[in-house]
Structure formats: C-alpha cells, structure tokens
Amino acid sequence: MGNLMARLRRIPLAWQVGLLALAILLPLPLNDYYRAVLWRTGIYAILGLSLNIIVGYAGLFQLGHAAFYALGAYTSALLNLHFHIPLVLTWPISILVAAFFGYLISRPILHLRGDYLCIVTIAFGEVVRLALVNNIFGITGGANGLSGIDQTVLFGLTLRTPLHHYYLVLFFLVLTLFAVRRLENSRLGRAWMYVREDETAAEAMGIDTTWAKLLAFVLGSGWAGLAGALYVARIPVVSPDLARFIESVVMFCIVVLGGTGSIPGVFVGTLGMITLPEIFRFLKTWRDAWMGVAMVAMMIARPEGLWPSRRIRMEIREEE
Amino acid sequence: MQQLLQQFINGITIGSFYALVALGYTMVYGVLKLINFAHGDLFMWGAYIGLTGLSALVALLAQGGPAIIAPVAVIVMVTIALFGVLIERVAYRPLRSAGRLAPVISALGAAFILESLARNIYGASWKTYPPGLVPAGKVALVGGVRISIMQVLVLVVSFLLMALLYLFVYRTRIGTAMRAVSLDHEVSRLMGIDVDGIIATVFLIGPGLGGLAGMIVALYYGSFDFTLGWVFGLKAFISAILGGIGNIPGAMLGGMILGIIETLGAGYVSPQWKDVIAYVILILILIFRPTGLLGERVAEKL
C-alpha cells in the first residue's frame with residue numbers, strides 16, 4: 001500500500017517536470033503571434049485558477065470576476081502614471097487593492113446562495129465597469145481608459161518581446177499552481193469543500209463558514225488583481241473593456257466547463273476558451289455561440305466538466 | 001413641477017417595458033425556480049423579427065403607417081413564443097432534476113447562442129425601424145405636460161396585456177394550474193395537472209410578451225443593436241426581484257418603480273449613472289429584503 005502511494009506520487013512529479021520543460025521550450029520555435037497567444041493563455045490560466053478558488057473550492061458563484069482583473073490593472077497603471085512607481089513594485093499593491101475590494105463587495109452578500117449570488121456579482125461587476133467608464137473621481141480616463149504606461153523593468157532588464165512577457169507570466173503561473181495545490185490540501189481547502197457540500201454540517205463541525213467564504217473571495221479576487229497587473233506589464237493601455245461581463249463569463253466557463261474545482265480542468269478550459277479561438281480565427285466571430293453551445297451541452301451531458309476533480313465527479317455521480 | 005410630471009410619464013413608459021419583460025422572468029421563476037437568462041435575448045430577438053417583418057411589409061405594400069404594426073406584432077409574438085418553447089425543450093427540460101445551478105449555466109449558454117446568432121445574422125451595427133409607422137404628434141395634458149402618441153400607444157398596449165395576463169393567471173383553469181405548479185410539481189402532478197404542458201405554456205406566454213415588448217421598445221426608440229437584450233434584460237430582471245420574483249403583480253409594480261426611479265435619477269442626478277442606480281437597487285434589495293416588495297418567497301433558499 002505504501003509502495004503504491006509512493007508510486008502514485010512519483011508519476012505526477014515526472015509529469016510536472018515534463019510539462020514545465022514543455023512550457024519553457026514551447027514558445028521557442030513559434031513566431032511572436034503565437035508567443036502572444038501563449039502569454040494570453042497564461043494570463044487566463046492564472047485568472048481561471050484564481051476564480052477556481054471561489055467557484056470551485058468554496059462553491060460560490062462569482063460572475064463578476066473580471067472586475068477584479070480590471071481593478072488590478074487600473075491600480076498598477078494609475079500608480080505608475082501618477083507616482084511613477086516602477087511597475088514591478090505596483091504588483092503587490094494591485095493584489096492588495098483587488099483583495100480589499102473583494103472583501104468589501106463579498107462581505108454583505110455572503111449569505112446569498114446560488115443563482116442570487118450570481119446576479120449580485122453580475123451587478124457588482126457592472127457597477128465597477130460603469131464607474132470606470134464614467135471616469136470616477138476623474139482618474140480612470142473614462143471609456144478610453146489610460147495609456148502611456150511605462151515598460152516593465154525587472155532587475156535591470158527591460159521586458160520588450162512577447163517571449164519575455166511569456167516567461168514572466170509562466171513564472172507567476174507556476175507560483176500560482178504551487179499555491180493553489182497547497183491550498184487545496186490545506187485545512188482551509190478542506191474547509192471550503194465542506195462548506196461547498198453542506199454548509200450546515202460544516203458549521204456544526206466548527207468551521208467558521210462566513211470566514212471561510214470570505215477568505216475564498218479575498219484570495220481569489222487578489223490573485224485576479226495580480227493577473228490584471230501582469231496584463232499592464234505587457235499592454236501599456238487599460239480600458240473599462242477589461243471588466244466587461246463577457247470577460248467574467250469567459251473566466252467562469254474556463255472553470256465550470258474545464259471541471260469545477262479541478263486544476264487540470266482550468267487548463268483544459270483555458271485551452272478551449274482562449275487558445276483555440278485565438279488560433280482559429282473563425283471560431284472568434286462565433287466564440288459566444290460556441291461558448292453557449294458548450295455550456296448547454298456540457299450541463300446536459302457532463303455537468304462535472306471535461307477534466308473534473310475526482311471528488312466533484314464522485315459527488316455529482318453519486319446524486320444520480 | 002411640470003418637469004417632474006413629464007419625467008414621471010416618461011418613467012412610466014419605460015417602466016411598462018420593464019414590466020412586460022419582467023413578467024417573463026417572474027413566470028418562469030415561478031414554475032421552474034430558474035433565472036431564465038435567455039429571456040433578455042428573446043426580447044432582443046423580438047426587436048429583430050419585428051424589423052424584418054415591418055421592413056418586408058413596408059417594401060411589399062410600398063407604404064408605411066400604423067395599420068401594418070398589428071399583423072407584424074402577432075408574427076413577432078408567435079415566433080418568439082416558439083423560440084421560448086424550443087429553448088425550454090432543448091436547454092432546460094433535460095436539467096429539470098439536476099439541481100439549481102446547472103440550469104442557470106445552461107440558461108446563460110442559451111443567452112449567448114441567441115446573442116451571437118443575432119450579431120452574426122443581422123450584423124453588429126445599429127438597426128433602425130422604417131420611419132413614420134406611428135404618428136409623431138404629441139397630446140397636451142394638464143399643466144403643460146405633453147405625452148406623445150407613441151407613449152399613449154405603449155401605455156395602452158402594455159396595460160391591456162398586463163390586465164389580460166392577470167385575468168388569465170388568476171381567473172382561468174390553466175392559470176390556476178400554473179399557480180399550483182409553481183407551488184409544488186409533484187403534488188400538481190398528483191392532482192392531474194400536466195406539469196410539462198403548463199411549463200411549456202409559461203414558455204409560450206413569457207417570451208411572447210417579451211418579444212412583443214422588444215418590438216415596441218424598438219418602435220419607441222427607433223434604433224437598437226444586439227446588446228439591447230443584455231441591458232434591458234438585466235433591468236427587467238431587477239424589476240422582477242424588486243417586486244418579488246415569482247409574483248406577477250410584483251413584476252408589474254417593480255417595473256413601474258424602476259422605470260420611474262431611473263428616469264428621475266437620469267433627470268435629476270446624472271444620466272451616466274442611471275444604470276448604476278438600477279444595479280445598486282438590486283444589490284440593496286437582495287441584501288436587505290430578498291423577498292422583494294410583494295414577494296412571499298425567500299430568495300436565498302436553494
């Protein structure tokens with residue numbers, strides 16, 4: 001038995017090293033366009049993993065995640081434009097600001113469940129977007145957004161090419177993966193899954209459910225803020241389009257269609273929602289429709305997602 | 001005072017659009033406990049089908065005028081009602097026993113399909129209805145307040161429809177069955193009610209009204225694009241929540257209140273922030289009174 005466990009643990013390690021090597025080598029033979037596609041994939045994978053904390057682990061339906069992505073991007077851009085803080089130093093602040101807004105917004109609505117939480121988060125996302133469009137406090141630049149942001153300088157190296165930025169995002173993606181893997185198996189991670197499955201029972205077992213849900217929102221939102229800051233690191237223009245509802249839906253689909261609560265699922269979802277439509281342009285005009293068909297078909301045929309976590313699949317299949 | 005009254009009339013006009021669309025949300029929520037995200041896009045399709053129908057009739061008869069609105073309105077209602085039933089059959093019925101979140105995702109999916117179809121078929125540009133269908137005159141009311149013929153038409157039609165619906169739901173056998181189904185599917189089935197048939201009826205009536213509202217809104221504003229469904233749908237949904245979701249008079253009341261608040265907000269606070277006002281109302285209602293103004297249901301129960 002011990003031998004088997006050790007073997008089970010060893011196989012994923014070889015896989016992990018192999019996948020990392022692949023991720024490092026993959027962009028080298030490609031041109032800049034495909035390198036940029038890979039960069040985008042990395043950004044959305046980070047966003048997916050951050051949303052997975054909220055939707056997947058804690059089971060809270062967040063359909064306004066793009067707002068935190070935009071908040072992170074705007075924080076980074078504003079600090080750089082007004083105070084000339086180097087972009088690298090703005091990243092932690094982006095995380096904190098997005099996390100703080102995550103706290104503010106989720107605090108009063110945690111008691112709502114399911115579809116109602118969905119609706120409130122949609123409304124919050126739209127409020128953030130409209131506030132950015134309406135140039136709130138005169139600092140967000142209205143519908144055109146902000147431009148003229150500096151280039152990223154990392155330890156004396158100016159990041160210029162898509163390849164540089166790909167590796168930057170890859171670094172943070174690996175960091176994120178490490179963090180969410182640790183979270184998943186932590187005391188907090190188990191508390192989240194307990195809350196997701198049965199809130200009353202979780203409460204009876206002594207889990208502070210409000211605290212657990214709040215932490216999921218704060219951590220997930222903060223990490224989306226980091227993704228926003230990484231976006232600004234490469235694209236020196238931010239606009240309210242970052243917070244559009246469709247962006248939130250794309251992130252939501254990455255999590256739900258890939259496999260709620262599953263880390264490989266997030267990558268499958270990102271591949272289907274971001275990478276493939278970028279490579280096959282014809283998919284892009286019909287992306288919304290294809291997303292819609294995927295959502296309906298998946299809910300009917302395979303509600304646990306393409307690559308579900310073992311726990312979720314068992315839960316869903318057991319109910320039948 | 002005169003300005004206030006004028007804003008009030010404009011608010012009621014917009015509120016009656018919200019109310020017509022909100023009825024679709026609230027009826028579906030009543031029988032299925034499902035937020036039908038596709039409803040806003042069915043409403044938007046009503047505007048497009050109306051465009052096709054009106055343009056074709058104007059071209060065919062080589063003349064415009066109010067007389068051609070009625071037949072097109074019937075076509076719009078029937079088409080969108082069939083869309084609604086189709087969506088229920090394909091996207092919702094297989095998920096009837098699958099908990100409450102799978103159908104919500106499926107509904108969002110259906111909404112995206114409808115929106116994407118509209119954008120790819122009709123194009124992303126703004127569409128305008130043929131001009132001169134409704135006489136442009138205005139009628140003076142007391143105190144210098146004026147109401148346009150279009151507004152009179154909108155108000156008469158929507159109040160008539162709402163009254164008919166109210167009578168249908170509260171005074172007929174099918175309406176009674178509908179209310180029974182919204183209380184309990186199993187018991188209704190035991191009482192000999194064809195539950196699937198009733199749900200299909202709801203998906204005929206709700207989208208039918210919504211589609212007609214789409215055409216009326218497009219007539220009222222003159223132009224629209226494929227994003228109409230999303231914004232209007234969300235506002236109508238807010239109306240339904242405001243009045244108490246699942247409650248038919250509540251949807252009418254909620255629509256009126258939201259229309260008036262929004263118009264007053266746009267007039268006295270800032271037109272840019274009027275959408276934000278609506279969303280903030282939604283958030284406040286769900287936090288402090290999730291049952292809405294007239295609702296008896298508890299919104300947070302899963």
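Modeller: Let us begin with confidence: pLDDT is the predictor's confidence in each residue, on a scale from 0 to 100. This is a predicted model, in which local features need pLDDT of at least 70 and side-chain atom pairs count only at pLDDT 80 or more, while totals for chains, interfaces and linings use all residues. Residues are numbered from 1 along each chain as its sequence is written, and chains are lettered from A and ligands numbered from 1 in the order in which they are written.

Colleague: Where in chain B is confidence lowest, and where is it highest?

Modeller: Within chain B, the lowest mean, 76, belongs to strand β2 (residues 138-140), and the highest, 92, to helix α3 (residues 69-92). Over residues 298-302 of chain B, however, the pLDDT is below 50, although this stretch has 15 contacts in the model beyond near neighbours in sequence. The mean for chain B is 86, with 97% of its residues at 70 or more. For the complex, the predictor gives an ipTM of 0.82 and a pTM of 0.86.

Colleague: What makes a stretch a helix or a strand?

Modeller: Helices (H or I, at least four residues) and strands (E, at least two) are DSSP runs, numbered from the N terminus. On that basis chain A has 14 helices and two strands, while chain B has eleven helices and four strands.

Colleague: How do you know what radius of gyration a compact globule of 320 residues would have, and how does chain A stand against that value?

Modeller: The radius of gyration is taken over C-alpha atoms, and the globule rule is 2.2 Å times the number of residues to the power 0.38. For 320 residues a compact globule would have a value near 20 Å, and chain A has 20 Å, so the two agree. For the 302 residues of chain B the rule gives a value near 19 Å, and chain B, at 19 Å, agrees as well. Along the principal axes, the C-alpha atoms of chain A fill a box of roughly 55 × 45 × 40 Å, and those of chain B one of roughly 55 × 45 × 35 Å.

Colleague: Why is A:F61 called buried?

Modeller: A residue is buried if 20 or more other C-beta atoms lie within 10 Å of its own, exposed if 12 or fewer, and partly exposed in between, with C-beta atoms placed from the backbone. A:F61 has 22 other C-beta atoms within 10 Å, and therefore counts as buried. A:F61 lies in the loop between α2 (32-57) and α3 (66-83) of chain A. Of the 320 residues of chain A, 51% count as buried, and buried residues make up 51% of the 302 residues in chain B.

Colleague: What is A:F61 in contact with, beyond its neighbours within four places in sequence?

Modeller: Two residues are in contact if their C-beta atoms, placed from the backbone, lie within 7 Å. With those neighbours left aside, A:F61 is in contact with A:V55, A:G114, A:L117, A:C118 and B:L101. A:F61 and A:G114 are 53 residues apart in sequence, yet 6.2 Å apart in space, C-alpha to C-alpha.

Colleague: Which residues does the contact between the chains take?

Modeller: The contact takes 32 residues from chain A and 34 residues from chain B. On the side of chain A that touches chain B, the largest share, eleven residues, comes from α5(A).

Colleague: Why do you describe α9(B) as largely enclosed?

Modeller: Of the 16 residues of α9(B), 14 are buried, so this helix is largely enclosed by the rest of the structure. Helix α9 (residues 228-243) of chain B reaches 22 Å from its first C-alpha to its last, close to the 22 Å expected at 1.5 Å a residue, where the expected span is 1.5 Å times one less than the number of residues. After α9(B) comes B:G244, whose phi is positive, near 110°.

Colleague: What makes B:G250 buried?

Modeller: B:G250 has 25 C-beta neighbours inside 10 Å, and so counts as buried. B:G250 lies in helix α10 (residues 248-269) of chain B, and B:G250 and B:L294 are 5.5 Å apart in space, C-alpha to C-alpha, although 44 residues apart in sequence.
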